[in-house]
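Please read the following report alongside the sequence and the three-dimensional view. It moves from the sheet to one helix, and then to ring contacts and backbone angles.

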Amino acid sequence: MKRVATVPDLRSAVASFREKGQRVAFVPTMGALHAGHLALVEQARRVAGKVVVSIFVNPKQFGPGEDFDRYPRDLEADAEKLREAGADLLFAPAVDVMYPPGFATTVHVAGVSEGMEGARRPGHFDGVATVVARLLGLVLPDVAVFGQKDAQQCAVVMRLVKDLGLPVEVLVAPTVRESDGLAMSSRNAYLSPEERKAAPALFRALLATQLVHEIGERKAEKLLAAFRTAISAEPRLELDSVDLVDAATMRPVEKVDRPVLLAAAVRVGRTRLIDNVVFGG
Ligand code: AMP
């Protein structure tokens with residue numbers, strides 16, 4: 001696996017893949033890699049001859065008071081994991097490579113970015129859309145792979161790619177979980193042993209709500225109430241938000257008459273965890 005940190009080195013490495021006629025798949029990450037990220041790499045390997053992974057903790061997508069400074073970083077361990085997973089190229093730029101002096105563009109994707117996480121983390125999806133647009137422009141992949149765990153992010157990226165006519169196919173890979181159901185996340189590293197024990201209750205509450213739908217409940221209000229009841233069974237989880245939205249538009253629904261996304265965020269101590277399930281339709 002080759003490792004590059006500058007735009008010219010990235011471009012020439014990708015160009016050499018293209019000269020060999022290889023399709024290029026791209027997996028953007030913020031590092032602190034776990035099996036969820038590596039599953040994206042695996043998915044990328046299935047659809048392309050060469051896999052490019054980026055590691056960049058993007059300051060633009062963290063709000064004031066969020067965890068940018070303490071976000072876990074371990075480039076050497078990440079590079080080793082990527083090598084083992086069969087990635088071909090790691091792009092790990094410094095902040096001034098991604099945002100050189102004079103950088104002045106913000107990409108705002110209206111609509112899908114405005115509810116849910118977008119409403120609670122102002123500016124977050126502008127930061128995501130801006131970095132993804134720049135990364136896609138630098139790497140110029142045929143395919144880019146994102147994780148369902150960040151469902152709203154996937155919707156924002158799909159809208160961005162469509163609206164800007166970018167010649168890249170967006171693939172969404174399923175959420176990878178620990179054996180007790182907790183969605184893998186770089187932020188799980190913040191959890192104390194006690195908090196870690198409590199954390200899977202988030203996914204259990206999502207599944208319990210999905211079950212309530214399966215046995216016939218269609219009203220959003222009732223399903224959201226079922227979720228709140230389920231989550232309150234674990235006192236160490238503090239509910240931050242829960243939304244039931246159209247899985248494509250991310251707009252709230254009143255009843256489940258099409259595929260919907262049930263997405264929730266909880267606080268466990270100082271850590272904020274998110275997860276979601278899709279059902280209906
Ligand atoms: P991050 O490093 O958290 O920005 O995530 C990079 C990519 O990995 C994003 O597309 C995430 O949605 C995806 N990802 C993060 N956690 C998981 C997971 N548990 N399962 C699948 N994909 C994930």
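Which residue stands opposite A144 in β5? It is F26 that stands opposite A144. The model is a predicted one, in which local features need pLDDT of at least 70 and side-chain atom pairs count only at pLDDT 80 or more, while totals for chains, interfaces and linings use all residues. Residues are numbered from 1 along each chain as its sequence is written, and side-chain values use heavy atoms, with hydrogens and water left out.

**The sheet**

Six strands, paired in the parallel sense, form an open sheet in the order β1-β4-β3-β2-β5-β6; here helices (H or I, at least four residues) and strands (E, at least two) are DSSP runs, numbered from the N terminus, and two strands pair if DSSP finds at least two bridges between them. At the edges of this sheet are β1 and β6 (169-173), each of which pairs on one side only. From one strand to the next the twist averages 25°. In general, strands of a sheet pair through backbone hydrogen bonds, either parallel or antiparallel.

| Strand pair | Bridges | Sense |
|---|---|---|
| β1 and β4 | three bridges | parallel |
| β2 (residues 24-29) and β5 | two bridges | parallel |
| β5 and β6 | five bridges | parallel |

Individual partners can also be named: K2 has L89 in β4 as its bridge partner, and F146 has V172 in β6.

Burial is judged by relative accessible area, with buried meaning under 20%, exposed over 50% and partly exposed in between (1.4 Å probe, protein chains only). Five of the five residues of strand β5 (residues 143-147) are buried, so this strand is largely enclosed by the rest of the structure. In a regular strand the side chains alternate between the two faces of the sheet. In β5, V143, V145 and G147 point one way and A144 and F146 the other way, and all of them are buried.

In strand β6 lies A173, a buried residue with a relative accessible area of 4%. Leaving aside residues up to four places away in sequence, A173 touches L40, V145, F146, G147 and Q148, where contact means heavy atoms within 4.5 Å. The C-alpha atoms of A173 and Q43 are separated by 7.3 Å, although these residues are 130 residues apart along the chain.

**Helix α3**

Which residues of helix α3 (residues 75-85) are buried? They are D78, A79, L82 and A85. Seen down the axis of α3, these buried residues fall within an arc of 125°, so they line one face of the helix; the arc is that of the directions from the helix axis to the C-beta atoms. The face turned away from the buried side of α3 carries the exposed residues E76 and E84. An α-helix has 3.6 residues a turn, so residues three or four places apart point the same way.

The buried residues of α3 pack against β1 (2-4), α2 (35-47), β3 (50-55) and β4 (89-91). Just after α3, G86 takes a positive phi of about 90°.

**Aromatic rings and charges**

Rings of Phe, Tyr and Trp (its six-membered ring) pair if their centres lie within 6.5 Å, with planes under 30 degrees apart counted as stacked, over 60 as edge-to-face and the rest as tilted. By this rule the count comes to four aromatic pairs. The rings of F62 and Y71 have their centres 5.7 Å apart and their planes at 75°, so this pair is edge-to-face, and both F62 and Y71 are buried. Elsewhere, ring pairs link F56, Y99 and F103 into a cluster.

A charge sits over a ring if NZ of Lys or CZ of Arg is within 6 Å of the ring centre and within 35 degrees of the ring normal. The charged end of R70 sits over the ring of Y190, 4.2 Å from its centre, and R73 lies over the face of F68, at 4.9 Å from the ring centre.

**Positive phi values**

Most residues other than glycine have a negative phi, and most peptide bonds are trans. A32, although not a glycine, has a positive phi of about 50°; A32 lies in the loop between β2 and α2 and is buried, with a relative accessible area of 17%. L140, likewise a residue other than glycine, has a positive phi near 50°, and L140 lies in the loop between α6 (124-139) and β5.

Notes: Axes fitted to C-alpha atoms, helices over the stretch in contact; angles between N-to-C directions.
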